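The following note sets out points for a colleague who wishes to examine the model in detail. Please read the points alongside the sequence and the coordinates.

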Amino acid sequence: MPMESSHVAHTAGPHRVVVIVDENSNPFELGCATEVFGLHRPEIGRSLYDFRLCAPEPSALMRDGFFTLTGVAGLEAADSADTLIVPNRPDIDVPRHPAVLDAVRRACARGARLVGFCSGAFTLAEAGVLDGRPATVHWQWADSFRTRFPTVRLEPDVLFVDDGDVLTAAGSAAALDLGLHIVRRDHGAEVASSVSRRLVFAAHRDGGQRQFIERPVPKIPDESLAPVLAWAQERLDAPLTVADLAARASVSPATLHRRFRAQLGTTPLAWLTGERLTLACRLIERGESRFETVARRSGLGTAANLRTLMRRETGLAPSAYRRRFGPGTD
């Protein structure tokens, strides 16, 4: 559910991402935020964000006492965030720190973008900023979340939900999916692909994909989709169909659908459309100004189809996408 956002331009300097770390926070999601938003990007030639950590206390004991985090800023740093990532914790029934909830409410009131990874949705809901809005949470906590926060429109079976200025991710690995989605919205598909390559992580998994993807022990012969995916990615400009993919994989279309659902949590057509749209975005970012050419080279067919899909998936028309992410833009 992408929505057009101007959050990246809130400050004169780099967009500031602040992560609140509370007692018993999960180290993995903290690491995901640091990897996506906190590192200098030599492959791009600049840092993408001004990244900071803050905590309500001078030290924060991380999950299960694994280690203690010290030396980070006080909670007042949250008041300067353009994007505020709220704390997630496994102890979902323990109320959040009142000062943390107040910081979240202040950020919401001044229009900052709010992000919750995994159980971070509980923090956002407890602060009252999810009332009447869509959100997701890890599948094992969906029933508890729905009981405690009935006014939130819970979507329990997706990787992440983008509701414009409030975004939530499901399980731990989905934090990376949402992080890359944010980078793609802020800086375009080309930059997001660079970040994903450094992470050695899939550049794009749509937020609507299922959280729980069944992965049965593969039979012999190997049923991996990797060969057919690689083959299709080299031929996105061709009039590929699901039948073509099935023929390449030497299976029936019905079998191909089952494998896509089991291994990727999506359909062959949805995957193919997503890959073509990503290629179209990268062509625009690299300077191709003729949208009919972009549509043809990416396999989307016509400029009208390109406009429809880009608006649906990015919230931007091709011309607006070019102004934001085309050559000569930062």
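1. Basis of the note. This is a predicted model, in which local features need pLDDT of at least 70 and side-chain atom pairs count only at pLDDT 80 or more, while totals for chains, interfaces and linings use all residues. Residues are numbered from 1 along each chain as its sequence is written, and side-chain values use heavy atoms, with hydrogens and water left out.

2. Cavities. The structure holds two cavities of 30 Å³ or more. On a 1 Å grid over the protein atoms alone, a cavity is a set of points where a 1.4 Å probe fits but cannot get out, and lining residues have an atom within 4 Å of a point. Grid points are joined across faces, edges and corners, and a volume is the space filled by probe spheres set on the points. The largest cavity is lined by 13 residues, of which Val19, Ile20, Leu30, Val86 and Asn88 are the closest to its centre.

3. Composition of the lining. Two or more residues of the lining of the largest cavity come from each of β1 (16-20), α1 (27-38) and β8 (83-86); helices (H or I, at least four residues) and strands (E, at least two) are DSSP runs, numbered from the N terminus. The most is given by α1, with three residues. By class, the lining has nine nonpolar residues, three polar and one charged. Here Ala, Val, Leu, Ile, Met, Phe, Trp, Tyr, Cys and Pro count as nonpolar, Asp, Glu, Lys and Arg as charged, and the others, Gly among them, as polar.

4. Overall architecture. The protein chain has 13 helices and 13 strands. Of its 330 residues, 51% are buried, where buried means under 20% relative accessible area, exposed over 50%, and partly exposed in between (1.4 Å probe, protein chains only). Among contacts with a separation of 6 or more, 63% are between residues 24 or more positions apart; a contact means heavy atoms within 4.5 Å.

5. Aromatic pairs. There are seven aromatic pairs in the structure. Rings of Phe, Tyr and Trp (its six-membered ring) pair if their centres lie within 6.5 Å, and planes under 30 degrees apart count as stacked, over 60 as edge-to-face and the rest as tilted. Phe122 and Phe145 form an edge-to-face pair, because their ring centres are 5.1 Å apart and their planes stand at 90°. This pair links distant parts of the chain, with Phe122 in helix α3 (residues 120-126) and Phe145 in helix α4 (residues 142-148), 23 residues apart. Phe122 is buried at a relative accessible area of 1%, and Phe145 is buried at 0%. Ring pairs also join Phe122, Trp141, Phe145 and Phe149 into a cluster.

6. Arg41. Strand β2 (residues 40-41) contains Arg41, a residue that is buried with a relative accessible area of 1%. Leaving aside residues up to four places away in sequence, Arg41 touches Glu35, Val36, Arg46, Ser47, Leu48, Val195 and Arg198.

7. Arg113. A further arginine, Arg113, lies in strand β9 and is buried, with a relative accessible area of 4%. Its side chain makes a polar contact of 2.9 Å with the side chain of Thr83. A polar contact is a pair of N or O atoms within 3.5 Å; within protein, one must be able to donate a hydrogen and the other to accept it, and residues adjacent in sequence count only if both atoms are side-chain atoms.

8. Backbone angles. Asn24 has a positive phi of about 75° although it is not a glycine. Asn24 sits in the loop between β1 and α1 and counts as buried at 18% relative accessibility. Cys118, also a residue other than glycine, has a positive phi near 55°. Cys118 is placed in the loop between β9 (113-117) and α3, and at 4% relative accessibility Cys118 is buried.

9. Gly38. Helix α1 includes Gly38, which is partly exposed at a relative accessible area of 33%. Its C-alpha atom is separated by 9.6 Å from that of Val18, 20 residues apart along the chain. Not counting residues up to four places away in sequence, Gly38 touches Ala33 and Phe51.

How values were computed:
On a 1 Å grid over the protein atoms alone, a cavity is a set of points where a 1.4 Å probe fits but cannot get out, and a pocket is an open set with protein on both sides within 12 Å along at least five of seven lines; lining residues have an atom within 4 Å of a point.
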